[in-house]
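Here is a short briefing to read alongside the structure on your screen. Take a moment to turn the model around before you start on the points below.

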Amino acid sequence: VFILLSLAGIRTILVFHKLAQRAEDKRIILESLTVSHYVEKIRWCLDYLNVPYEEEENSGILGLFLLGRTVPALKIPGSATSIGNSPEILRYLYGEHCCDNKKADFLRPTPESLALEKKFDKLWFDYRAFAYYVIFTSPIVDTWEKEVWGLYQPGVPEWQKTILKIGSPLFRKLVTMKLNITEENGMKRWKEARS
């Protein structure tokens with residue numbers, strides 16, 4: 001209970017601190033993490049559109065539990081606005097560039113592209129659940145999970161790495177419950193991903 005209350009307190013402080021900082025910031029910032037097709041989609045689109053942005057690497061698991069959201073997130077310049085989830089970011093990018101057909105035609109949401117995006121995201125969800133099953137049942141689970149969650153990434157802030165070192169067993173339990181990480185579900189997700 002103490003740990004959960006502490007995480008809630010830290011989360012509240014971080015949210016308000018980040019909001020205060022963003023109002024003056026004129027940069028487009030992509031919050032990213034180590035391994036994620038969701039982040040890679042956004043990174044590729046920003047690069048393709050030739051939009052200048054800076055990337056801030058985070059431990060994705062901490063964003064979920066401390067800030068109440070997942071990565072990627074796109075911070076809009078000069079405001080406290082931050083757009084999370086790759087489909088919403090893609091729609092925002094399309095809205096920003098929709099008048100330039102050369103730049104944004106590939107982002108136009110069509111029934112076919114939306115169906116393909118949904119299928120691709122389902123594929124990643126299935127692979128992620130299977131990967132967590134493999135990691136969490138490994139004899140070196142402590143090393144693997146910390147590696148996947150960004151402990152050894154040079155861009156992840158040190159304070160996040162410290163929390164990750166301490167809280168990793170708790171995060172493992174929470175992820176296990178949230179994603180239903182069991183042998184049966186892990187193998188089911190593997191089969192669905194392969195099909």
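Predicted model: local features only at pLDDT ≥ 70, side-chain atom pairs only at ≥ 80, totals over all residues.

Along the sequence, the elements come in the order α-β-α-β-α-β-β-α-α-α-α-α-α.

**Overall shape and surface**

- Taken along the principal axes, the box filled by the C-alpha atoms of the protein is roughly 50 × 45 × 25 Å.
- Buried residues make up 39% of the 195 residues in the protein.
- How far along the sequence do contacts reach? Looking at contacts between residues at least 6 apart in sequence, 66% join residues at least 24 apart.
- On the charge side, you will find 27 positive and 24 negative side chains. The centres of these two sets lie 4 Å apart.

**Helix 6 and its partners**

- Helix 6 takes in residues 111-136, which is 26 residues.
- From first C-alpha to last, helix 6 reaches 37 Å, close to the 38 Å expected at 1.5 Å a residue.
- Which residues of helix 6 are buried? They are E117, D121, D126, A129, F130, Y132, Y133, I135 and F136.
- The buried residues of helix 6 pack against several other helices, namely helix 2 (37-49), helix 4 (86-97), helix 7 (141-148), helix 8 (158-179) and helix 9 (183-194).
- A115 also belongs to helix 6, but A115 is partly exposed, with a relative accessible area of 49%.
- Between A115 and R172 there are 32 Å in space, C-alpha to C-alpha, and the two are 57 residues apart in sequence.

- K191 sits in helix 9. With a relative accessible area of 60%, K191 is exposed.
- K191 and F130 are 61 residues apart in sequence, and their C-alpha atoms are 9.4 Å apart in space.
- F130, for its part, is among the buried residues of helix 6.

**Around strand 2**

- E54 is part of strand 2, and its relative accessibility of 38% makes E54 partly exposed.
- What does E54 touch, leaving aside its neighbours within four places in sequence? E54 is in contact with R27, I28, I29 and L30.
- E54 and K75 are 21 residues apart along the chain, with 9.9 Å separating their C-alpha atoms.
- R27, one of the contacts of E54, lies in the loop between helix 1 (2-22) and strand 1 (29-32).
- The relative accessible area of R27 is 31%, so R27 is partly exposed.
- R27 and F120 are 93 residues apart along the chain, and 30 Å separates their C-alpha atoms.

- N50 has a phi near 60°, a positive value in a residue other than glycine.
- Where is N50? The loop between helix 2 and strand 2 (54-57) holds N50, and N50 is exposed, with a relative accessible area of 64%.
- N180 is not a glycine either, yet N180 has a positive phi of about 55°.
- N180 is found in the loop between helix 8 and helix 9. At 42% relative accessibility, N180 counts as partly exposed.

Note on methods. Residues numbered from 1 in each chain as written. Heavy atoms only, no water. Helix = DSSP H or I, 4+ residues; strand = E, 2+ residues; numbered from the N terminus. Buried < 20%, exposed > 50% of the residue type's maximum accessible area, 1.4 Å probe, protein only. Contact = heavy atoms within 4.5 Å. Lys, Arg positive; Asp, Glu negative; His and termini not counted. Charge placed at Lys NZ, Arg CZ, Asp CG, Glu CD. Expected span 1.5 Å × (residues − 1).
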